[in-house]
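Hi there,

Here is the structure I promised to pass along. Please have a look at it first, and then read my notes below.

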Amino acid sequence: MSASYTHLSCQLLLLLMVCRHVNTKNTTVITEPPVETSGPNTPPVAPLTPLQTGQKSVVLTGENHTEKVEVVNPVTLNLECAWTGNNKRLPNITGYWTKDGKTIETSYSNIQLQNGRYYLRREFSIMNEEDLGTYSCIFDPKAKVDFILAAPYLGEVRDKPIVSYVGDSVVMICKMDEKKPKPLSWNWYKQNGTNKVKIEVDSPGHRYKITKDEKKAKLVVHNLTESDSGLYYCGAVYGIGTSVGYLQLRVITYFEPLKPFIGILVEVLVLVAVILIYEKTGSKKDDQSGAEGNPDQNTNQLHGENAAADGRSSTRQRKV
Amino acid sequence: MLESRRSCPPDGGYGWVVVLSAFWVMGLTAAVLKNFGLFFLDIQRHFGILASTTSWITSCTIAMFHIGAPAASAMTLLFSQRVVIVIGGLLCASGMLLASLDLSLPCLYFTMGILQGTGISFSWIPANSMVSHYFVRWRPIAYAIASSGECVFAIIFGPFFQWLIETYSWQGALLIIGGLQLNICVCGALMRPLETTQNTVDQGATLLLPKRSKTFQCSLLKKPELLLYIVFAILAAAGIFIPPLFLVPFANHVGLHDYWPASILSLVALADLMGRLICGWVANMTLFRNLQLLTVVVSLQGVVLMLLPISHNYLGCIMFLSFVYGFLFGCVVAIHVTSIVDIVSLEGFDSGLGLFMLFRSIGGCVGPPLAGFLVDQTGNYSAAFYLSGFCLISSAFFVILVDYLVQKKEANQTEADTDLHFSQRTEQQK
């Protein structure tokens, strides 16, 4: 009796320990950012909100397919691939999952033909930025479906550099599509060497001005200098991570377009001078030799005009 | 007996240099105007204004181009083509230069709008005039070659302006384009003035009298032929300016997307170039009178435009009809200015051209908004094409009338001449 009692208490203790472990495991799986509810000395207690779940299924008819999945907040994602199979139609094949090219070892499984299709399913916890990437389900040997998980992509960002002049001000805009979910906030960064430096509005000189809309963020830089040239990044912050787009700024001085302009100006002046001088010297020669030949020239041209005029009879020939 | 003055068109020789110069002038003016649209977005973004406010800049330029035409003609008669073209070049360049300084939006209306428009007017009109004065036999083809400059430069300037804007931003691009427009002055320098001589035939002796100074002839308007031709110009302008605006939205509406609408415009531009050259050559063969050819071409163009909406979304059909439209557009352009000489004779050409351009602007200003109104009412782009087709076909009737009147006048003239010489001979025999 006492042995079974201790056995029972041991089991209860074990159960309690496991329960406590499960409890802590649940608390590390946080969906919302931790909320400070207790006093300054006690560690924050995170609310146990249920995790969002999502489902993405793809039916593969060929050998390759790519699917873009936009993740806004941390989510438990169920990815499912259904392959219609190839000519061989083997009853049993193997399949596995990879993330960013690296095979997930525990994902190897035998798949049986069900309703004419091979199914491969797996549940993934997408919690933070590292969990984003390309997840592929691969049916041996060759069929593959790529799921590209990412934060919502930014709208059209100008790929050519923005050109502006020293002393001028420039406006850089980053937009999120109307149909996509709103970001929580926007950030602007400037590339300094190899790291990104966050741009603060209160920087010395008050040169930067950031206007944030729900779907749009504007960065205005006043009083440009040449050192302002470079890469600027705008980031749309979502629960899962930041979606980044970049813009390149080029600051030039007024001398840059002035150089070709002065070149053209010189060319124009030279050509005009050459033409006028050529004409002056040409006309002097004409004056010297032209006096004799004039009357003949005129009557000839007169006849020429008559002959060319439509259907007019040439009654202007003098008859003596 | 006093015979009429004749300016002696060399019909070749230095005339071809003039054609080349006119080719460049038309390119540096009209092609720049056609590519204004590339600056649209950048200017709109820079000043933070609406699209319609930005488009007023182009409207300002085009309006000044037409309003300045009679002034340009008058100045051409007063001074010479060379002086006016040089002035035009300087105005264009200064307009672009001041615009590149980026002072303010109203300043942009003044510089890119008024200065540039006036400069274009002062360059384009005398260039046309010069080509017509230098040629008689080869006039249609000379004018066709000169006006094709507009097409060739428009095709080149498209990507070139785009590159300029990307490298130097729109202010720098305007500065460089202003510099390029200074080359209009070079072309002006090439326009050597002709000498007009007055011949009197008095019993065997030929005397040379100094040339009579010409004045701007507003009285030309009293001529019914010119008046009717101006009505043709108004209707034709209304018909011609509508399709380029509505072709792309129509293509989109019908279901063509991606790069097809833009390629339709390129096709029209290429067909335009071919039309100008081929029609100039055909007109030169004098198989038909200029006005007869004009009637045929204008009415065909009207018919083609009426057929365009019926093509629905058959891509091949739309491309073919657009090509034919572009070709006929080039033909009309090649002939409609040289026809002015047939109507008012070479002495009145400058004034006639000025008046023609001034009144044509009415059509150009009324046509597109009216078409836009019809499109809004019917909810269908076909209405715009039906309107332009109707305008063109009705304008063809006026050309027929003008042709008839001109033929009648010439027949009367030759009758009077034969009577005159008959009486001369009888007098001499006495």
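What follows is a tour of the disulfides, the salt bridges, the surface patches and a few backbone details.

Before anything else, please keep in mind that this is a predicted model.

**Disulfides**

The count comes to 2 disulfides over all chains. One of them joins C81(A) and C137(A), with the sulfur atoms 1.9 Å apart. This pair links distant parts of the chain, since C81(A) sits in strand β3 (residues 75–83) of chain A and C137(A) in strand β8 (residues 133–139) of chain A, 56 residues apart. C81(A) and C137(A) are both buried. The torsion about their S-S bond is about -115°, so this disulfide is left-handed.

Another disulfide is formed by C174(A) and C234(A), whose sulfur atoms are 1.7 Å apart. Here too distant parts of the chain are linked: C174(A) belongs to strand β11 (residues 170–175) of chain A and C234(A) to strand β16 (residues 230–237) of chain A, 60 residues apart. Both C174(A) and C234(A) are buried. With a torsion of about -70° about the S-S bond, the disulfide of C174(A) and C234(A) is left-handed. If you count the bonded cysteines along chain A, the disulfides follow the pattern 1-2, 3-4.

**Salt bridges**

Over all chains, the structure holds 11 salt bridges. Let me pick out a few.

Within chain A, K180(A) pairs with E70(A), the closest N and O atoms being 3.3 Å apart.

Which residues form a salt bridge with the closest N and O atoms 2.4 Å apart? They are E279(A) and R82(B). E279(A) is part of helix α2 (residues 255–308) of chain A and R82(B) of helix α4 (residues 81–100) of chain B, so the pair joins two chains. E279(A) is buried, and R82(B) is buried as well. There is also a network of salt bridges here, in which E279(A), R82(B) and R192(B) are linked.

In chain B, the side chains of R276(B) and D272(B) meet in a salt bridge at 2.9 Å, N to O. Both residues lie in helix α9 of chain B, 4 residues apart, which is about one turn of the helix. R276(B) and D272(B) are both buried.

**Surface patches**

On chain B, a nonpolar patch on the surface has about 840 Å² of accessible area together, and its members include I155(B), L270(B), W281(B) and F288(B). Helix α9 (residues 260–284) of chain B gives the largest share of this patch, with 5 residues. L287(B) is one of the patch residues; L287(B) is found in the loop between α9 and α10 (290–307) of chain B. At 58% relative accessible area, L287(B) is exposed.

On chain A, E156(A), D159(A), D177(A) and E178(A) form a negative surface patch. E156(A) is in the loop between β9 (143–150) and β10 (162–165) of chain A, and with 79% relative accessibility it counts as exposed.

**Backbone details**

N115(A) is not a glycine, although its phi is positive, at about 55°. N115(A) is located in the loop between β6 (109–114) and β7 (117–126) of chain A and is exposed, with a relative accessible area of 76%.

S169(B) likewise has a positive phi, near 65°, in a residue other than glycine. Is S169(B) buried or exposed? With a relative accessible area of 8%, S169(B) is buried, and its place is in helix α6 (residues 139–181) of chain B.

Last, T225(A) is in the loop between β15 (216–221) and β16 of chain A. T225(A) and V251(A) are 26 residues apart in sequence and 6.9 Å apart in space, C-alpha to C-alpha. T225(A) counts as partly exposed, at 33% relative accessibility.

Best wishes

Conventions. Residues numbered from 1 in each chain as written. Chains lettered and ligands numbered in written order. Predicted model: local features only at pLDDT ≥ 70, side-chain atom pairs only at ≥ 80, totals over all residues. Heavy atoms only, no water. Patch = residues over 30% accessible without salt bridge, like charges linked within 9 Å, V, L, I, M, F, W, Y side chains within 5 Å. Areas by Shrake-Rupley, 256 points an atom, 1.4 Å probe, with all protein chains shown as cover. Salt bridge = Lys/Arg side-chain N within 4 Å of Asp/Glu carboxyl O. Lys, Arg positive; Asp, Glu negative; His and termini not counted. Charge placed at Lys NZ, Arg CZ, Asp CG, Glu CD. Buried < 20%, exposed > 50% of the residue type's maximum accessible area, 1.4 Å probe, protein only. Disulfide = S-S within 2.5 Å.
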